[in-house]
Every structure is written in C-alpha cells, then in structure tokens.
Amino acid sequence: MSAGFAMSDSIQIVNCHIHTFTADHVPRDFPYVWLRPFRKAPGLILALSRLALWLGRERLADRLERLYQFQQQGVRASQAEVLQDVKRHYPSNTRFVVLPMDMAGIGYGPVAADLRAQHDELYELRLSEAHFGTVVPFATVNPLAPGSVDEALRAITELGFEGLKIYPRLGFPPDHPDLMERVYPEVVARGLPVMTHCSRGGVQGRDVDDYFADLYTRPAAYLPVLRAFPEMRLCLAHFGGQTDWRAYAQGTEPAGEDNWQVQIRRMIGSGDFPNLWTDISYTLFHFDDYIPFLRLFLAGNGPEDKAADLLRQRVLFGSDFYMTRQENLSEKEVCFRLRNALGEETFRQIAEQNPVCWLQGDAA
C-alpha cells in the first residue's frame with residue numbers, strides 16, 4: 001500500500017483518466033509565443049492566470065493554468081516520474097489509464113519528442129518492473145497531423161495498447177474521415193474502448209476559435225460516431241466540464257438543452273446509446289460545489305428510476321492528473337471524500353466495477 005494511504009486494498013481502484021506526458025511533448029510556444037520568456041518563471045504564469053480569472057477571461061485563465069501545470073510536471077525527466085508522483089495518492093493495487101496527447105501539429109511550434117517517442121516510452125513504462133500491472137496505455141491520434149493516424153494504429157496493433165484517446169478541441173470533428181474509415185474500425189475489431197475530451201475548456205489548436213472547438217467537442221458531435229459504431233465503448237470525459245456544471249448549479253447559461261452535463265445525462269439515461277460512458281475527471285475536484293448533484297444524479301428517485309440506474313452503470317472514476325495539480329484538493333483527498341459522499345457501494349461501482357466493464361467490454 002502507498003505510504004500513508006488508509007483505503008483498503010480490498011477494492012481495486014481504476015483511475016480511468018491520467019496524463020504522464022512531460023515538457024518534451026508540449027509545443028515550444030504553447031499556449032502563446034509571448035509566454036516563452038516566462039517559462040523560467042512559472043510563478044509569474046500562475047499570477048497571470050489568476051489575473052485573467054479576476055478579469056473574467058476564464059478561457060485565458062484556463063490556458064495559463066494548464067501551461068503552469070505542464071511546467072510543474074513537465075520538469076520531470078520521464079513519464080515514469082510523473083506516474084510515480086500520482087501513485088503515491090492511491091493504494092498499491094490501483095491501475096491507471098494513461099492518456100497521451102499529440103500536440104505536435106496544432107500550430108504552437110515543435111515538440112522535443114514526437115508521438116512515436118511518446119508512445120514508445122509509455123510502452124516501456126507499462127512493461128517496467130516498478131510499474132508492471134499498473135499502466136493501461138491508450139494510443140492517441142490527431143488526424144490533422146501527418147503520420148498521426150499511422151502511429152496510432154501502430155500503437156494499437158504492434159504495441160498492444162488497450163484503448164484510444166481523441167481530443168477534438170485540437171481542431172477536428174470526431175467523425176473525421178480518417179477516424180471513421182481507418183481508426184474506429186480497428187478499435188471496434190479489437191474490442192477496445194475510446195476516451196474523448198468533452199469539456200469547453202482545454203487545449204485548442206492555434207487556429208481553432210472557441211466556436212469550432214465547442215462544435216467539435218459537444219456531446220451531439222458524437223452522434224454520427226455512436227450511430228455508425230454502436231458497439232464501440234465511448235467515454236465523454238469530464239461529464240461536460242466545469243463550466244456546464246457551474247452553470248447547472250447556479251441556474252445560468254448554458255442552461256437546459258444547451259448544457260453539456262444535462263445532454264450527457266439524457267443521452268445515457270435514454271438507453272439509446274448503451275455503450276456511451278462519461279467520467280468525472282477534473283470536474284469533481286471542485287468537490288463541495290458539485291458532489292451533492294452527482295450523488296443525486298446517481299441515486300435518482302429510487303429503484304424505479306431507470307435513467308439513474310443506467311447513469312450509475314456508465315460513470316467512471318478518473319482524476320485528470322496532472323491537470324488537477326492546480327486545485328487545492330489532492331488526489332487522495334478527492335478519493336476519500338468521494339467514497340464518503342457516495343457511499344461504499346456506489347463508489348465501488350464507479351471506481352472498480354464500471355471501469356472493468358468499460359475496459360474489457362464485460363456486461364454491466
């Protein structure tokens with residue numbers, strides 16, 4: 001058991017959403033070329049982020065905070081060091097779905113280590129003695145980047161990666177022809193799950209404005225994919241994201257059908273998409289604000305609430321480490337609070353049972 005962790009090893013937590021990439025995988029000029037001189041002063045970047053938030057520039061604040069976190073964790077020499085950092089928050093038998101990113105072709109300059117190198121390092125991490133049995137590696141793909149599709153297929157077919165991560169905010173729709181014709185069919189043939197970013201915040205291609213980033217990322221953008229590949233186990237990460245959870249809680253825009261959190265709940269609860277999932281990564285790190293809503297969504301109105309029952313079977317535990325390093329709560333604190341708030345049975349379902357079903361395709 002990890003030092004200081006009191007949670008029983010009788011439950012095998014699967015964290016379905018972490019990142020281990022380092023500064024070598026982040027473009028030189030991300031997120032703004034004028035910030036390059038500040039890379040040696042991360043405290044100043046964090047101060048700029050707080051100022052942007054105070055001025056109401058939430059998207060700018062989000063990008064600056066992400067740069068800060070990239071720098072804080074990016075100074076690590078390897079993905080193994082990043083993984084070791086997160087493992088100390090969890091019992092020793094915890095498994096981690098590790099999600100790489102391909103940011104080489106998003107308009108912010110070169111990266112020191114390309115996607116192939118990132119995948120190969122993750123492959124070695126999976127086999128290393130120190131982390132053997134811990135890592136569930138996913139391939140990633142950006143169909144706009146030359147060679148990315150071939151590299152994703154190599155990671156799946158030759159390296160034996162166990163799933164696929166896509167990130168449409170980089171500038172492509174989830175039903176991009178290369179994905180629909182080459183990547184998804186391979187994923188389905190191998191029975192692998194797919195994770196996709198589904199939040200209004202996050203990394204965007206340099207030439208992608210907010211309108212198109214949201215258009216490519218919104219839950220409805222996945223309808224063509226869900227209809228074409230109904231057997232593919234697709235997870236919409238972040239349960240719509242903090243902007244939409246906050247709006248739901250406060251009764252502000254985006255409201256009603258425009259709220260992504262509401263859309264995801266209705267899509268899953270309808271029963272029309274039995275292989276659609278969501279995870280609570282990052283969003284639930286604003287714990288006190290949103291845990292009462294999550295608890296009620298999962299509990300529903302009793303045993304006859306079929307929509308709540310379906311949702312409870314399709315929510316996954318994930319943290320989004322290391323983006324969560326910008327929050328006050330640690331990974332360990334969120335785990336304990338979540339277990340206490342949801343109760344043992346529900347926590348076990350989203351942190352142990354549902355992840356196994358999503359990863360392996362076993363019946364819920």
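Which residues form one aromatic cluster?

Modeller: The aromatic cluster is made up of F239, W245, Y248, Y290, F293 and F297. Before we go further, please keep in mind that this is a predicted model, in which local features need pLDDT of at least 70 and side-chain atom pairs count only at pLDDT 80 or more, while totals for chains, interfaces and linings use all residues. Residues are numbered from 1 along each chain as its sequence is written, and side-chain values use heavy atoms, leaving out hydrogens and water.

Now to the rings. Rings of Phe, Tyr and Trp (for Trp, its six-membered ring) pair if their centres lie within 6.5 Å; planes under 30 degrees apart count as stacked, over 60 as edge-to-face, and the rest as tilted. A search of the whole structure turns up twelve aromatic pairs. One of them joins Y90 and F96, an edge-to-face pair with 5.3 Å from centre to centre and 80° between the planes. Y90 and F96 are both buried, where buried means under 20% relative accessible area, exposed over 50%, and partly exposed in between, using a 1.4 Å probe and protein chains only.

Rings can also have a charge above them. A charge sits over a ring if NZ of Lys or CZ of Arg is within 6 Å of the ring centre and within 35 degrees of the ring normal. R314 has its charged end over the ring of W277, 4.1 Å from the centre. Likewise, R200 lies over the face of W260, 4.2 Å from the ring centre.

R200 and W260 lead us to D244. Contact means heavy atoms within 4.5 Å, and apart from neighbours within four places in sequence, D244 is in contact with R200, P254, D258, N259, W260 and Q261. The side chain of D244 has a polar atom 2.8 Å from the backbone nitrogen of W260. For comparison, a polar contact is a pair of N or O atoms within 3.5 Å; within protein, one must be able to donate a hydrogen and the other to accept it, and residues adjacent in sequence count only if both atoms are side-chain atoms.

D244 belongs to helix α9, which covers residues 242-250. Helices (H or I, at least four residues) and strands (E, at least two) are DSSP runs numbered from the N terminus, and the protein has 14 helices and nine strands. D244 counts as buried because its relative accessible area is 0%. Across the protein, 58% of the 364 residues count as buried.
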